[in-house]
Amino acid sequence: MFEIGEYIVYGVKGVCRIEDITHIDISGADKDRLYYVLAPVGDGSGRIYAPTDNQKITMRKVISREEADQLIEDMPKIEQLWVPDDRQREAKYKEAMNTCDYRAWVSIVKTLYIRKQERTAQGKKITALDERYMRTAENELYSELSLTLGIPKDEMEQYIRERLTQ
């Protein structure tokens with residue numbers, strides 16, 4: 001179980017701070033069940049009530065500084081998530097996003113960055129699907145790394161580029 005004040009990654013909602021662990025008095029909710037009260041980082045007014053025993057949605061601790069440094073170092077070695085068929089590609093991206101695995105997010109970003117370069121070279125634009133998943137994967141990855149490394153999210157891409165060219 002997580003503790004009040006901890007930061008976790010909660011499914012596709014991203015990085016959240018645990019504000020409370022309590023029973024909730026909401027119609028239809030099991031009054032004997034404990035819930036995390038989560039505050040999504042970057043959404044000052046939003047609250048999520050997640051059962052502490054939830055098995056359906058992935059919850060994990062935020063990456064540590066050592067893990068973040070290692071992830072950035074390993075980025076060139078992380079495989080792309082290439083799927084040639086458009087329909088299968090979306091299913092794979094969705095599945096990878098739902099794992100809450102930061103290495104899967106890197107895989108999606110790498111794949112779509114290369115795909116975007118290839119399409120641009122052919123005089124084509126990136127597809128809406130690719131754009132959506134690239135933004136989502138970058139947002140999840142950069143939000144988590146930003147919190148852990150203490151670097152503003154909008155500077156994260158540049159920070160990673162600089163680290164990889166050293």
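**Entry 1: strand β3**

I began at Leu38, which stands opposite Ile48 in β4. The model is a predicted one, and I read it as such throughout.

β3 covers residues 34-40. β2, residues 14-23, pairs with β3 in the antiparallel sense, and I find seven bridges between them. On the β4 side, β3 pairs with residues 48-51, again antiparallel, over four bridges.

Is β3 enclosed or open, and why? Six of its seven residues are buried, so the rest of the structure largely encloses the strand.

Gly44 lies between β3 and β4. Gly44 counts as exposed, because its relative accessibility is 69% and the cut-off for exposed is over 50%.

**Entry 2: strand β1**

β1 is residues 7-10, and four bridges join it to β2 in antiparallel fashion. Tyr10 has Gly14 of β2 as its bridge partner. The two strands make a hairpin with three residues between them. In that turn, Gly11 has a positive phi of about 45°.

What else does β1 pair with? I find β5, residues 59-61, joined to β1 by three bridges and antiparallel to it. Within that pairing, Ile8 stands opposite Lys61.

**Entry 3: cysteines**

I searched the whole structure for disulfides and found zero. Cys16 is in none, and its nearest cysteine sulfur belongs to Cys100, 9.9 Å away.

The cut-off I applied for a disulfide is 2.5 Å.

Are these cysteines buried or exposed? Cys16 is buried, with a relative accessible area of 0%. Cys100 also counts as buried, at 1%.

**Entry 4: the whole protein**

I stepped back for the overall layout. The protein has five helices and five strands. From the N terminus on, the order is β-β-β-β-β-α-α-α-α-α. The C-alpha atoms fill a box of roughly 60 × 40 × 25 Å along the principal axes.

Of the 166 residues, 41% are buried.

I looked up Lys77 first. Its place is the loop between α1 (65-74) and α2 (86-98). Lys77 is exposed, with a relative accessible area of 61%. Ser107 is 30 residues from Lys77 in sequence, and their C-alpha atoms are 9.8 Å apart.

Then I turned to Arg115, in helix α3. Is Arg115 buried or exposed? Arg115 is buried, because its relative accessible area of 10% falls under the 20% limit. I left aside neighbours within four places in sequence and listed its contacts. They are Trp82, Asp86, Arg89, Thr127 and Asp130.

**Entry 5: the largest pocket**

Last, I examined the largest pocket. It holds about 350 Å³ of space. Which elements give two or more residues to its lining? They are α3 (102-121), α4 (128-149) and α5 (156-164). α3 gives the most, with five residues.

The lining comprises 15 residues. Those nearest the pocket centre are Val109, Lys110, Tyr142, Ile160 and Leu164. I sorted the lining by class and got eleven nonpolar, four charged and no polar residues.

Definitions and conventions:
Residues are numbered from 1 along each chain as its sequence is written. This is a predicted model: local features need pLDDT of at least 70, side-chain atom pairs count only at pLDDT 80 or more; totals for chains, interfaces and linings use all residues. Side-chain values use heavy atoms; hydrogens and water are left out. On a 1 Å grid over the protein atoms alone, a cavity is a set of points where a 1.4 Å probe fits but cannot get out, and a pocket is an open set with protein on both sides within 12 Å along at least five of seven lines; lining residues have an atom within 4 Å of a point. Grid points are joined across faces, edges and corners, and a volume is the space filled by probe spheres set on the points. Ala, Val, Leu, Ile, Met, Phe, Trp, Tyr, Cys and Pro count as nonpolar, Asp, Glu, Lys and Arg as charged, and the others, Gly among them, as polar. Buried means under 20% relative accessible area, exposed over 50%, partly exposed in between (1.4 Å probe, protein chains only). Two strands pair if DSSP finds at least two bridges between them. Contact means heavy atoms within 4.5 Å.
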